Amino acid sequence: MSEYINVAVDAMGGDNAPAEVVKGAVEAVTESNKVKVFLVGREADVKAQLGRYDVPAGQIEIVDAPEVIETAEPPVEAIRSKKDSSIVKGMKLVKEGTCDAFVSAGSTGAVLVGGQILVGRIKGIQRAPLAPVIPTTSGVALLIDCGANVDARPSHLVQFARMGSIYMEHIMGVKNPRVGIVNIGAEEEKGNALVKETFPLLKACDDINFIGSVEARDIPSGGADVVVCEAFVGNVILKMYEGVGGALIQEVKKGMLSTLRSKIGALLVKPALKETLKAFDLEQYGGAPLLGLNGLVVKTHGSSKAVEVKNSILQCIAFKEQKINDRIREQIV
């Protein structure tokens with residue numbers, strides 16, 4: 001294939017780098033001949049890991065980046081001072097047009113700051129939100145924002161809703177996605193000042209399918225396709241989602257192994273249960289895109305294993321093919 005969708009990947013970011021990152025990159029290019037991965041990191045370390053695999057010719061390239069931005073470092077200072085870090089060099093590949101996207105499991109703060117400073121927002125976009133896909137009993141929903149803008153204004157949330165609708169329709173295939181704003185009740189008059197001020201603005205938007213308020217308890221059952229909130233609330237929802245999911249899985253396993261009868265029953269239900277639990281595994285959905293930038297930036301969990309890295313790379317293909325940034329420019333700006 002002569003023309004690839006080029007994805008820069010932070011080979012040094014995350015708890016399991018570079019081994020799991022390199023493995024995920026190899027799995028991505030093995031699965032799709034549409035993508036080329038630029039592994040950005042310490043060349044010797046990346047080469048050592050890459051040498052363990054048979055890689056499709058021409059689909060992986062190493063970009064040497066001797067510096068690493070650590071999680072505890074102040075993001076702005078790190079972005080400015082560590083010009084040879086994997087995050088900075090990876091984002092510069094996007095800024096200069098060499099790559100279409102950047103994927104990182106590294107410092108969230110550095111990725112958010114780098115996205116704004118280095119890649120830059122689309123002209124007219126006020127804030128760039130992090131928007132992960134989360135599983136529900138009826139499919140998936142987009143949680144926007146989950147960590148980028150803790151002091152958002154009503155106009156920001158309106159743009160989040162419109163960008164989220166574009167993403168859900170053209171990436172996830174949800175026609176006329178239902179947009180809900182996170183609230184403490186269904187009534188329009190409820191909520192804090194931000195929600196009360198944002199509600200009528202969303203209601204007046206004729207280019208989104210606004211259904212009103214959605215309570216946190218309704219999110220797992222698919223109460224809305226696009227769940228709009230500011231980043232503080234969104235991050236709490238996401239972390240609670242992850243924590244409760246993990247706790248429930250542990251308790252189910254504990255219960256199934258508690259007696260001989262339950263162990264026999266576990267053997268019978270294991271295939272169906274495994275398939276069901278897989279649908280609620282956040283790793284299956286890749287990372288959270290930072291929407292509204294001039295290029296795609298995807299943030300994955302710091303604890304990402306190869307499967308999440310792979311899926312984060314592959315989601316960049318659909319983003320490019322569906323021309324999401326062009327649609328944002330046409331429909332929002």
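Here are some notes on the predicted model above, grouped by region.

1. Strand β2 (residues 35-41) runs parallel to strand β3 (residues 60-64), and the pairing covers 5 bridges. G41 of the pair sits opposite D64 in β3.

2. On to the nonpolar packing. The largest nonpolar core has 61 residues, and the members touching the most others are V7, V9, V37, L39, I60, I313 and I328. Helix α6 (residues 154-170) is the top contributor to this core, giving 8 residues. There is also a second, separate core of 40 residues, which includes M91, L130, A141 and V297. As background, nonpolar side chains in soluble globular proteins tend to be buried together.

3. Beyond four places in sequence, V9 touches V21, V37, F38, L39, V40, F102, V103 and I313.

4. A141, from the second core, lies in strand β6 (residues 139-144). Buried or exposed? A141 has a relative accessible area of 0%, and since the cut-off for buried is under 20%, A141 counts as buried. Its contacts, leaving out neighbours within four places in sequence, are P132, V133, I134, T136, M168, A224, D225 and V227. For a sense of distance, I117 is 24 residues from A141 in sequence, and their C-alpha atoms are 29 Å apart.

5. The buried residues of α5 are A110, V111, L112, V113, G114, G115, L118 and V119. Their cover includes α3 (75-81), α4 (86-95), β4 (101-104) and β11. Just past the end of α5, G120 adopts a positive phi of about 85°.

6. Last, a loop residue. T300 sits in the loop between β11 (296-299) and α10 (306-321). Despite being in a loop, T300 is buried because its relative accessibility is 3%. The T300 side chain makes a polar contact with the side chain of S304 at 3.2 Å. Leaving aside neighbours within four places in sequence, T300 is in contact with V103, S104, A105, G287, E308 and S312. V103 also turns up among the residues touched by V9.

Technical notes. Residues numbered from 1 in each chain as written. Predicted model: local features only at pLDDT ≥ 70, side-chain atom pairs only at ≥ 80, totals over all residues. Heavy atoms only, no water. Helix = DSSP H or I, 4+ residues; strand = E, 2+ residues; numbered from the N terminus. Buried < 20%, exposed > 50% of the residue type's maximum accessible area, 1.4 Å probe, protein only. Contact = heavy atoms within 4.5 Å. Pairing = 2+ DSSP bridges. Polar contact = N/O pair within 3.5 Å; in protein donor to acceptor, adjacent residues only side chain to side chain. Core = buried A, V, L, I, M, F, W, Y, C linked by side-chain atoms within 4.5 Å.
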